[in-house]
Amino acid sequence: MKNKLLLAILLLTTIINAQESDKKSYSFSLKQAIEHATKNNYSIQNTNRDIEVAKKKKWETTTMGLPQINGSVNYQNTFEFQKQGAAANSFNPLADPNEITLLAFGTKHLGIGNLTLSQLIFDGSYLVGLQSAKTYLKISENAKEKTNQEIKEIVINAYGNVLLADESILIINKNKVVLEKILSDTKEIFKNGLIEEENVEQLQITLNSVNNALDNVTKQRVIALNMMKLLLGIDLENEVFLTEKLSSLTENNIDLQVLTSEFDVNKNIDYQIGKNMEESKKLMVKLEKSKELPSIGAQVNFGYNAFSNEFTFFNSDQKWSNYSNIGIGLNVPIFSSGARSSRVQQAKLELEKSQTQLKEKEQNLKLEHQKAKSDYEYSINQFQNAQSNLKLAERIESKQQIKFKEGLSSSFDFADAQKQLYTAQQEVLQAMLEIINKKATLEKILN
């Protein structure tokens, strides 16, 4: 029995160790996290595939104007021949002309082998198709660039959220230690009958709030880190460690020079995508106009056929007859009752709509740039203001703590000072995160 138990424990330990060995561990600075995401993020992987699809589509369109060779092999076995009727005197002048003779033509077995070479000589829609394929590829490349920028911004936000949770946990734990010491001392003073019980109860309420906040931010940290893993394309079971601190990251993102950067709307990826849409509408106009032009194509056919009342096509003495021909086809649109003209006008209206949308996009981007600059500048000012408020809150809390210990202040006044301190601490952390996030937003618009 003991041996079986020992064996079970050993097997369980082996399984656990195997599972642990399958886990991977990653360590990232913010720059490394962005680089990893641009290669492994699930959305980016699909945008890379979209580009490959666009390249294949471009080549597919190109081949439509290149020589095409197609072959075919056909076999026919006739069970019952179709009859043709003819007057009897058609073959025998002395026969009754009202009598109908039934005739069957053909052989029971028929084999045909054919090879066709075709070549497009001119087709206006083909030329437009080549241009469209290039535009489609450009659209796919710009879509990837936009996805890269969006993932970069989201990774920066996610990275900052994890660091915010880390700093919050450190500060709350520090507050908790201080508060537990004060609560312990206050309980001793109460036991000696020097203060009222409500002072102890008030501190206990504050400590409960601190414990609840610590529990909540700890859970939020797990969620924020898992979100980070998802963005990086890393399995949630793996470990990820962040090497930067919120304070150093904030300091690196305070850059007033970016506020003076000129905004070139042509460099913005959203504007470039708008230009792609305009270009595609122009091509649609060209395509509809090209349908008014003639198209020319040529083909050459080579083939063999054989006839037999027995299946002898694989016999060496089977006779095969060859045939060949060449042809050129010209298709000329002549009259469509105004349908082609209507389609051209529709395409032109769609082009005008895309041009209006592009103009609107340009104005919106300029407005977004102004707002992003304002938000970033405000986040820096807010951070400086939050730092000043934190120093004041620390001084107030320190004075209230001394007064409370000396019996010169009530527990309610001390609790208010503590809450004000805790709020100021969180405001500083939030202001630091805002600087990082607003800078990322501004840089995305500036491209």
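Ground rules first. Residues are numbered from 1 along each chain as its sequence is written, and side-chain values use heavy atoms, leaving out hydrogens and water. Because the model is predicted, local features need pLDDT of at least 70 and side-chain atom pairs count only at pLDDT 80 or more, while totals for chains, interfaces and linings use all residues.

Salt bridges, then. The structure holds 18, each a side-chain nitrogen of Lys or Arg within 4 Å of a carboxyl oxygen of Asp or Glu.

Take E150 and K146. Their side chains meet at 3.2 Å, N to O. They sit four residues apart in helix α4 (residues 124-191), about one helical turn. Helices here are DSSP runs of H or I, at least four residues, numbered from the N terminus. E150 is partly exposed at 30% relative accessibility; K146 is too, at 23%. Buried means under 20%, exposed over 50%, partly exposed in between, with a 1.4 Å probe and protein chains only. Both residues join D270 in a network of salt bridges.

Next, α7. K275 and E278 pair at 3.4 Å, N to O. They are three residues apart, about one turn of the helix. K275 is partly exposed at 39%, but E278 is buried at 9%.

In α8 (residues 339-405), K371 and D375 are four residues apart. Their salt bridge spans 2.8 Å, N to O. K371 is exposed at 52%.

Last, N268. Where does N268 lie? In the loop between α6 (246-252) and α7 (269-290). N268 is buried, at 2%.

How values were computed
Helices (H or I, at least four residues) and strands (E, at least two) are DSSP runs, numbered from the N terminus.
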